[in-house]
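Please read the following points alongside the coordinates. They cover a surface patch, a helix pair and several charged contacts.

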Amino acid sequence: MYVFVFFALYTQKPGGGIRQLFTPGTIILLFLIPLLVYIDYGKMADSWDEFTHWMDCVKAMTYLDTFVTNAESHSQFRSYPPIMALMQYLFQKLHLLIYPARPFSEWRNYFSYQIFALAMFLPLFSEVTLKQWREMIVITIIVWLTPLFFCSEFYSITYIDPFVGILSGCGFANILFRRNKGFLYHAYIVLDCISLVLAKDAGLLFAVFISIAYIFDEIIIKYDIFLGDNQGICENRRKRVPVSQFYYIFVPLFCTLISKQLWNYKLKKDGTGRVFAAKMDLANYTKLFFSGGDNTYRQESVDNFKNAFFENRIPLGNTETSYFVLFCIALIICIWIYFYLKKQSPDKGNVRNVKARKYAIIVLMIQVLTYIYGMGIAYITNFPEGQAVGLASYERYISMPYNTLWIVIIWGMLYIIHNEDGKIFLYSSISIVAIVLLITPMNYTGDLLARKRVKRSIEWRANWQPFSDLIRKTCDGSDTIYFVAQETNGMQWWITKFNARPANVFVEDRTWSFGPPFYEGDIWSKDISVSDFKRILLENYDYLALYHLNEYFIETYADLFENKGDIQEGCLYRIDKATGIMELCH
């Protein structure tokens, strides 16, 4: 698709592709690249979800040169869509192509994530010329700050949720405010919808609504439908529009559905079961939501979910507000933008734009409310009791539709001031930048520019490196290693599993701790007899890795080892299949 876009640009006129690539947007992106390299260089993964999937899946793909749907990836979440991982994989392979002897580069995952996300804002620069340097500066500052509003650590994580919000927001903003809706615009919307579907399962919802808004926009602007006879449009004229001209408006929706089906086919072909595959009962959820009466944890989860929307607080400058109030504020601002632009549109062509914007804003609001409402059913269907009642990762999940609204509002404000001249533009742009600065969490920015997060991640990961180096030095990609970390919650396993790739550090039924529960809430420890543990090791594993021990493990399983004095933390043992004895690796 990208090759096709470039070919179309190039064939418009000689050298067209080259000239249209070097635009203000390209120059700004080239400016951001060294800044991103500065804040990312040397950064190492340091969060739970990066070890469980977002960083780990890219490392698996880099070594295997295939999707993590392949069982050999030993990934925990093999059914997660791959669009961001593919971009990060591309950067890793380019790095290894130039430096084949170097290891997997973690900081490049952050860099490629940020490049992909910020590139979605480039259409903001489409109508800015190189002579309009003030506009370029204002837009650059706002683009840099926009992702931070709902994710203050955007420049130090690789979570997919902020990216989905950016894709959705930029898609709607292009439909609402793009002036020149030529070939590149249509290609952008198509690729945006495809990227949403392949970014996250919930991205299908966002892509469908963007496709619907696009259809309304094209029908109204190009063919005057829904304007009414008072605008000089008659039924006969509508009938004279060739049906063949309408086909293209369904391309984003078609590509959305095809992309989803292709990914489903890939999962089926590789025998990959979905992580969240439980069937959602919308009727029962609606009853729980509006009527209640259920005596299970699901009712408690739904009640907590409803309360969170009205009671959970989100920072807004020096104050805090609820998600409900924030939605009302966003709705009011969108309505104000609509009516402001309506007054600035006296001619027929702009009347179409105003009408199209009205439908697009309606579709946008329906999307936001549909997603928020649907979050509740996801909790009671796909999450275990503790996480469902506690609304695990609520802020991260709900940030996606709010990011969409935030980007649309910012883009709309920039659209309004774009044609202002002189002091009006200067004062308006300063006001917008000041407002963005005031309500955006800035406490993290200082650490970002000082590279404190990079330094902390390197120091923290240094504690885990020696053990992982021992595993990589001793084992190869075909070896399977059982991991033991007594009285822990699993973080030690996830980090070691990631560090030691391509070696397969595994645990049976997520049992890395042996014995009765060692503390209240210890659901990770499992009491296994010596004979059962020995059988599991002999049948399925080549090595045993002991990361953290306690007296219970040493006393209970001492007979499995060649020498009881060799049972130590941070050691690796080869499993002798003939004798069933664990031999210390030196």
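Where is Tyr99 found?

1. In this predicted model, Tyr99 is found in the loop that runs between helix H6 (83-98) and helix H7 (106-119). Its relative accessible area is 38%, so Tyr99 is classed as partly exposed. Together with Leu90, Leu94, Leu97 and Ile98, Tyr99 forms a nonpolar surface patch whose accessible area comes to about 530 Å².

2. Helix H15 (residues 297-311) packs against helix H19 (residues 394-417) at an angle of about 60°, the two axes lying 12 Å apart. That angle makes H15 oblique to H19, and the crossing of the two helices is right-handed.

3. Of the charged contacts, the structure holds 20 salt bridges. One of them joins the side chains of Arg501 and Asp56, at 2.7 Å from N to O. Because Arg501 lies in the loop between helix H24 (491-500) and strand S4 (504-506), while Asp56 belongs to helix H5 (residues 56-64), the pair ties together parts that are 445 residues apart in sequence. Both Arg501 and Asp56 are buried.

4. Glu153 and Arg453 also form a salt bridge, with 3.3 Å between the closest N and O atoms. Glu153 is in the loop between helix H8 (133-145) and helix H9 (160-177) and Arg453 is in helix H22 (residues 452-462), so this pair links parts 300 residues apart in sequence. Glu153 counts as partly exposed at 31% relative accessibility, whereas Arg453, at 11%, counts as buried.

Methods
Residues are numbered from 1 along each chain as its sequence is written. This is a predicted model: local features need pLDDT of at least 70, side-chain atom pairs count only at pLDDT 80 or more; totals for chains, interfaces and linings use all residues. Side-chain values use heavy atoms; hydrogens and water are left out. Patches are made of residues with over 30% relative accessible area and no salt bridge: like charges are joined within 9 Å, nonpolar side chains (Val, Leu, Ile, Met, Phe, Trp, Tyr) within 5 Å. Accessible areas come from the Shrake-Rupley method with a 1.4 Å probe; for residues, only the protein chains shown count as cover. A salt bridge is a side-chain nitrogen of Lys or Arg within 4 Å of a carboxyl oxygen of Asp or Glu. Helices (H or I, at least four residues) and strands (E, at least two) are DSSP runs, numbered from the N terminus. Buried means under 20% relative accessible area, exposed over 50%, partly exposed in between (1.4 Å probe, protein chains only). Axes are lines fitted to C-alpha atoms, for helices over the stretch in contact, and angles run from 0 to 180 degrees between N-to-C directions. Angles under 35 degrees count as roughly parallel, over 145 as roughly antiparallel, 65 to 115 as roughly perpendicular and the rest as oblique. A crossing is left-handed if the near helix is turned anticlockwise from the far one by less than a right angle, and right-handed if clockwise.
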